[in-house]
Amino acid sequence: MPPDALKSAFAQIPTSVAVVTTGSGSERYGATVGTLSALSLGPPMLMFAMKQTSSLLQRLEVGRPVGINVLAAHQHDIARRFATPGIDRFGDTRWCEEHALPRIDETLLWIAARVRDQLPLGDHMLVTAIIEHTQTEDLAPLVFWRRGFSAISNDRGV
């Protein structure tokens, strides 16, 4: 299948937008991911995928603490910032340190986890992590769909 046709097909799948973080103090790192999913309730696990060329990936060795910041509808600028290489991603971002990890302020969901496995698949690495802590907020999520950011109402009606 031609890559452009595949990209167009994948663009029809709405995905959550999250920033994966690790490190602490001045040694902090983060990157935007669009592939994030719950994996298991027992043990509590999630999975996300990163390009094999990601500079963050080399810092996510097995056992390393990792933060998952699922972005809220108003945080599309943060999603873009953490997807841009070669800049200070934390400089214009409001964040704090929690569970010895960088946590972005005002996110929909915060997860503190620990890397369990890495599995190379195609041009990406699938990373699984054991969830150690979560905190949710009553906000609308940021979604990536048709190559752009969208918001879903947090209204429970259909």
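This is a predicted model: local features need pLDDT of at least 70, side-chain atom pairs count only at pLDDT 80 or more; totals for chains, interfaces and linings use all residues.
Visitor: What is the volume of the largest pocket?
Guide: This pocket is open, because a set of points the probe cannot leave would count as a cavity instead. For the largest pocket, the computed volume is about 1,400 Å³.

Visitor: Which residues lie nearest the centre of the largest pocket?
Guide: The lining of the largest pocket has 35 residues. Those nearest its centre are Val33, Gly34, Thr35, Lys51 and His124.

Visitor: Which element gives the most to the lining of the largest pocket?
Guide: Several elements supply at least two residues each, among them strand E3 (27-33), strand E5 (44-51) and strand E10 (124-136). Helix H2 (76-81) is also one of these. The top contributor gives four residues, and that is H1.

Visitor: How many residues of the lining of the largest pocket are charged?
Guide: The lining holds 19 nonpolar residues and nine polar ones. Asp, Glu, Lys and Arg count as charged, so Lys51 falls in that class. The charged residues come to seven.

Visitor: Where does Leu6 lie, and what is its relative accessible area?
Guide: Leu6 belongs to a nonpolar surface patch with Met1, Phe10 and Ile13. Together the four have about 450 Å² of accessible area. Leu6 sits in helix H1. Leu6 counts as partly exposed because its relative accessible area is 32%.

Visitor: Which peptide bond is cis, with omega near 0 degrees?
Guide: Most peptide bonds are trans. Here, look at the loop between strand E4 (36-41) and E5, where Pro43 lies. The cis bond runs from Gly42 to Pro43.

Visitor: Is Arg147 buried or exposed?
Guide: Most residues other than glycine have a negative phi. Arg147 has a positive phi of about 65 degrees. Arg147 is found in the loop between E11 and strand E12 (148-151). Its relative accessibility is 53%, so Arg147 is exposed.

Visitor: How far apart are the closest N and O atoms of Asp105 and Arg94?
Guide: Side chains of opposite charge can pair when their charged atoms come close. Asp105 is partly exposed, at 24% relative accessibility, while Arg94 is exposed at 54%. The cut-off is 4 Å, so the pair qualifies as a salt bridge. The closest N and O atoms are 3.9 Å apart.

Visitor: How many residues apart in sequence are Glu106 and Arg94?
Guide: Their side chains meet in a salt bridge, at 2.9 Å from N to O. Glu106 is in the loop between E8 and E9, and Arg94 in the loop between H2 and E7, so the pair ties together parts separated in sequence. The separation is 12 residues.

Visitor: What is the N to O distance between Arg116 and Asp117?
Guide: Arg116 is partly exposed, with a relative accessible area of 39%. Asp117 is partly exposed too, at 37%. Their side chains meet in a salt bridge, with an N to O distance of 3.6 Å.

Visitor: Which residues do salt bridges that share partners join into one network?
Guide: The count of salt bridges comes to seven. Arg94 pairs with Asp105 and with Glu106. The network is Arg94, Asp105 and Glu106.

Technical notes
Residues are numbered from 1 along each chain as its sequence is written. Side-chain values use heavy atoms; hydrogens and water are left out. On a 1 Å grid over the protein atoms alone, a cavity is a set of points where a 1.4 Å probe fits but cannot get out, and a pocket is an open set with protein on both sides within 12 Å along at least five of seven lines; lining residues have an atom within 4 Å of a point. Grid points are joined across faces, edges and corners, and a volume is the space filled by probe spheres set on the points. Patches are made of residues with over 30% relative accessible area and no salt bridge: like charges are joined within 9 Å, nonpolar side chains (Val, Leu, Ile, Met, Phe, Trp, Tyr) within 5 Å. Accessible areas come from the Shrake-Rupley method with a 1.4 Å probe; for residues, only the protein chains shown count as cover. Buried means under 20% relative accessible area, exposed over 50%, partly exposed in between (1.4 Å probe, protein chains only).
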